[in-house]
Amino acid sequence: MIKLFASDLDGTLFNALHETDRAILTRLEAVLRAGRHVALATGRAVHHARELGFGNLPLETVSGNGAFIRDTRGELLRHVPIAPATLEELLAGFPRCCLSCIDPELTLVRGSHEQFVASFRPSRGLAGRLAAWRQRRRPTPPDQLFDQTDAAVLARPICKVNCRTADPDEKRELAAFVAEHADTIVNASFDGDLFELTDARVNKGEALSWLAARLGFGEDEVAVYGDGGNDLAMLVRFDHAYATSNASDAAKRAAGHVIGSCALHAVPRHMLATVRREGPWREEPRG
């Protein structure tokens, strides 16, 4: 029986507009009523699921590609910082990069708000252009600080660093840096223009295994859903792994099972169908 469902967001659980909607929320609510757990597994830094349009649904969150794990109330259960020496070398080696450095409470951006917004290039298709337009119009969150110094960044327990660049030389240099520091840092990105750097031990698969164990579940009681590069570790790790039909070829190969498109709510439909096939389950209270 599947007791924990975990899904990526963009291209997976979200609809084609990168949002929740009534069809998604209604199905998730039914899955939760049947006694199952649902976790969001995302590269974004998330304090609570309500930030992403899930209202008060009691969802666990595995964010920052596994760097942060929070319970249904948003309480931080675990975080894994990047080694300070590696972070310091990264900051010194790429002084022109508009780096977003994320800790459990804040995002410190080494650059201006204008530089940050300008780095978002629309992906292909109407939905990608709409997402980029929304990013440009989105109000600045209170936990996002701009024009931060290296000293300010190094004073915090930074767990994830994002860097968007379309410059081929800068991409090569960043890739070389990651390769040279493979023992301490890893890049798991869904987008070729975005580097998503975390501690080398961090990935969605490892984090979900940790969360499942904390909840008292085995890995064979977990189902995972993804569509891109930062989902590969979890799609490979778990036997019950599913990629959407709009997923990358690598994600489809890693999952081994392909369901429908995110535009047709394939993931919440599959979750609910699984619950209906297996029947309700109630978690035993912990003594």
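1. Helix 7, residues 168-180, has 13 residues in this predicted model. From its first C-alpha to its last it reaches 18 Å, close to the 18 Å expected at 1.5 Å a residue. At the start of the helix, a side-chain oxygen of Asp167 comes to within 2.8 Å of the backbone nitrogen of Asp169.

2. Which residues of helix 7 are buried? They are Glu170, Leu174, Phe177 and Val178. Seen down the helix axis, the buried residues of helix 7 fall within an arc of 95°, so they line one face of the helix. An α-helix has 3.6 residues a turn, so residues three or four places apart point the same way. On the other side of helix 7, Arg172, Ala179 and Glu180 are exposed. The cover over the buried residues of helix 7 includes helix 3 (84-93), strand 9 (160-164), strand 10 (185-187) and strand 11 (194-199).

3. Helix 11 also deserves attention. This helix has 13 residues and reaches 18 Å from first C-alpha to last, close to the 18 Å expected at 1.5 Å a residue. Its buried residues are Ala266, Val267, Pro268, Met271, Leu272, Thr274 and Val275. What covers them includes strand 1 (4-7), helix 1, helix 2 and strand 12. After helix 11 comes Gly279, which has a positive phi, near 90°.

4. The next point concerns the nonpolar cores. The largest of them has 28 residues, and those with the most contacts inside it are Phe5, Leu13, Leu28, Leu40, Phe54, Leu59 and Tyr225. Two or more residues of this core come from each of helix 1, helix 2, strand 2, strand 12 (222-226) and helix 11 (266-278). Apart from this core lies another, of 24 residues, among them Leu4, Val62, Ala255 and Trp281. As for Phe5, its contacts beyond the neighbours within four places in sequence include Val31, Val38, Tyr225, Met271 and Val275.

5. A search of the whole structure finds 5 aromatic pairs. One of them is formed by Phe14 and Phe54: the ring centres lie 5.9 Å apart and the planes are at 15°, so the pair is stacked. Phe14 lies in the loop between helix 1 (9-13) and helix 2 (22-33), whereas Phe54 lies in the loop between strand 2 (37-41) and strand 3 (60-63), so that the pair links distant parts of the chain, 40 residues apart. Both Phe14 and Phe54 are buried.

6. How are the rings of Phe116 and Phe146 arranged? Their centres are 5.7 Å apart and their planes are at 65°, so this pair is edge-to-face. It too links distant parts of the chain, 30 residues apart: Phe116 is in helix 4 (residues 113-118), and Phe146 is in the loop between strand 8 (144-145) and helix 6 (150-154). Phe116 counts as buried because its relative accessibility is 11%, and Phe146 is buried with a relative accessible area of 15%.

7. Is Lys204 buried or exposed? This residue of helix 8 (residues 204-215) is buried, with a relative accessible area of 0%. A polar atom of its side chain lies 2.9 Å from the backbone oxygen of Ala41. The side chains of Lys204 and Asp231 are joined by a polar contact of 2.6 Å. Neighbours within four places in sequence left aside, the residues in contact with Lys204 include Asp8, Thr42, Gly43, Asn65, Asn230 and Met234.

How values were computed. Residues numbered from 1 in each chain as written. Predicted model: local features only at pLDDT ≥ 70, side-chain atom pairs only at ≥ 80, totals over all residues. Heavy atoms only, no water. Phe/Tyr/Trp six-rings, centres within 6.5 Å; stacked < 30°, edge-to-face > 60°. Helix = DSSP H or I, 4+ residues; strand = E, 2+ residues; numbered from the N terminus. Buried < 20%, exposed > 50% of the residue type's maximum accessible area, 1.4 Å probe, protein only. Polar contact = N/O pair within 3.5 Å; in protein donor to acceptor, adjacent residues only side chain to side chain. Contact = heavy atoms within 4.5 Å. Core = buried A, V, L, I, M, F, W, Y, C linked by side-chain atoms within 4.5 Å. Expected span 1.5 Å × (residues − 1). Arc of directions from axis to C-beta.
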